[in-house]
Amino acid sequence: MTQAAAASAAGISIPTLRNLEQGKGSIGSLSRALPCLQLRWSWFHDINAGPDLARRRRMRGLSQRALAEKVGCSRPTIIALERDLTGRVETLLRVLLALGIRQALRPEPAARRPGLVPATNDAARDLVMTQPDLAAWIITHFADRMSGHVLDPARGAGAFYDQFPDHVERSWCELALDRDFLACSDPVDWIMTNPPWSKIRSFTRHAMTISEHIVWLVPIVNITTKARLRDLAEHGYGIAELVLLDTPRDWPQSGFQLVAAHLRRGYTGDWRVSRLEI
């Protein structure tokens, strides 16, 4: 993988990646790059990597102040590292060495070279907000076909929900606000959103039980695998249209075409493919 490809996939700049390769820069930038490089932290594989540093420090009988003096930083710096792994890569490396951890990173155990199928989606990368102008273009493309009740099952910041046409009734779900779409059973006419990509199969299966039309903003491969096509056929659905879109620059760059996929109950015709020029 070239530096340009790795930086693009991680959503960081090439200079930022070069700094990381020299052991410099922010831990946040490094965390974004790790999944693209099929790497993980060597000492812990979870969101609790910071608190686990605190556990290791206590096992060595060190206070936060003592560790800070040992590595040449301030106590607030240690507090930030142990809270949520916030800080500089250089400091983290010194802290790991002081705690007896000589290797900061290691390969993912199941890492494989990418093939022609999508990798398993990571729920931690699901929080990718849709730009309002992108949502507006998609809504405009389908607006003259939309009628009745429209549901946004993953409202987020409201990019889709807030811009649904005035002539439709609208409602929303959002797991972070205790409205779980997968627990929703009220029938609607349309469902439209940028769904969490790690849950695309469960979202699609459930959506097909309550709606006539579904529009997902997803990489094309997430909706056209054999398993996804089999799910559609079993529920009496077909792909009515694939609207090709450019992937926003600040989104994860998977290399697969981004689309607004229109799934329709009872549709058995050919797939219509169009391009949305923004």
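Reader: Why does L175 count as partly exposed?

Author: This is a predicted model, in which local features need pLDDT of at least 70 and side-chain atom pairs count only at pLDDT 80 or more, while totals for chains, interfaces and linings use all residues. Residues are numbered from 1 along each chain as its sequence is written, and side-chain values use heavy atoms, with hydrogens and water left out. Buried means under 20% relative accessible area, exposed means over 50%, and partly exposed lies in between (1.4 Å probe, protein chains only). L175 has 47% relative accessibility and therefore counts as partly exposed.

Reader: Where is L175 placed, and which residues is L175 in contact with?

Author: L175 is in the loop between β4 (169–172) and β5 (188–193); helices (H or I, at least four residues) and strands (E, at least two) are DSSP runs, numbered from the N terminus. Contact means heavy atoms within 4.5 Å. Neighbours within four places in sequence aside, L175 is in contact with D180 and K199. The C-alpha atoms of L175 and A154 are 7.3 Å apart in space, although these residues are 21 apart in sequence.

Reader: What makes T140 count as exposed?

Author: The relative accessibility of T140 is 57%, so T140 counts as exposed. T140 is in helix α8 (residues 132–142), and its C-alpha atom is separated by 8.9 Å from that of F164, 24 residues apart along the chain.

Reader: Why does E82 count as buried?

Author: E82 has a relative accessibility of 10%, and therefore E82 counts as buried. E82 is in helix α6 (residues 75–84). Not counting residues up to four places away in sequence, E82 touches G50, P51, L53, A54, R57, Q64 and L67.

Reader: Is Q64 buried or exposed, and why?

Author: With a relative accessible area of 17%, Q64 is buried. Q64 is in helix α5 and, its neighbours within four places in sequence left aside, is in contact with R57, R75, I78, I79 and E82.

Reader: How do you know that α5 and α7 are roughly perpendicular to each other?

Author: Axes are lines fitted to C-alpha atoms, for helices over the stretch in contact, and angles run from 0 to 180 degrees between N-to-C directions. Angles under 35 degrees count as roughly parallel, over 145 as roughly antiparallel, 65 to 115 as roughly perpendicular and the rest as oblique. Helix α5 (residues 64–71) and helix α7 (residues 89–98) pack at an angle of about 110 degrees, with their axes 10 Å apart. α5 and α7 are therefore called roughly perpendicular.

Reader: Which residues of α5 and α7 meet, and how do they divide by class?

Author: L67, K70 and V71 in α5 meet R94, V95 and A98 in α7. By class, this contact has 4 nonpolar, no polar and 2 charged residues. Ala, Val, Leu, Ile, Met, Phe, Trp, Tyr, Cys and Pro count as nonpolar, Asp, Glu, Lys and Arg as charged, and the others, Gly among them, as polar.

Reader: Why are α6 and α7 called roughly perpendicular?

Author: The axes of α6 and α7 cross at roughly 85 degrees and come within 11 Å. α6 and α7 are therefore roughly perpendicular to each other. T77, I78 and L81 of α6 and T91, L92 and V95 of α7 make the contact, and its residues divide into 4 nonpolar, 2 polar and no charged.
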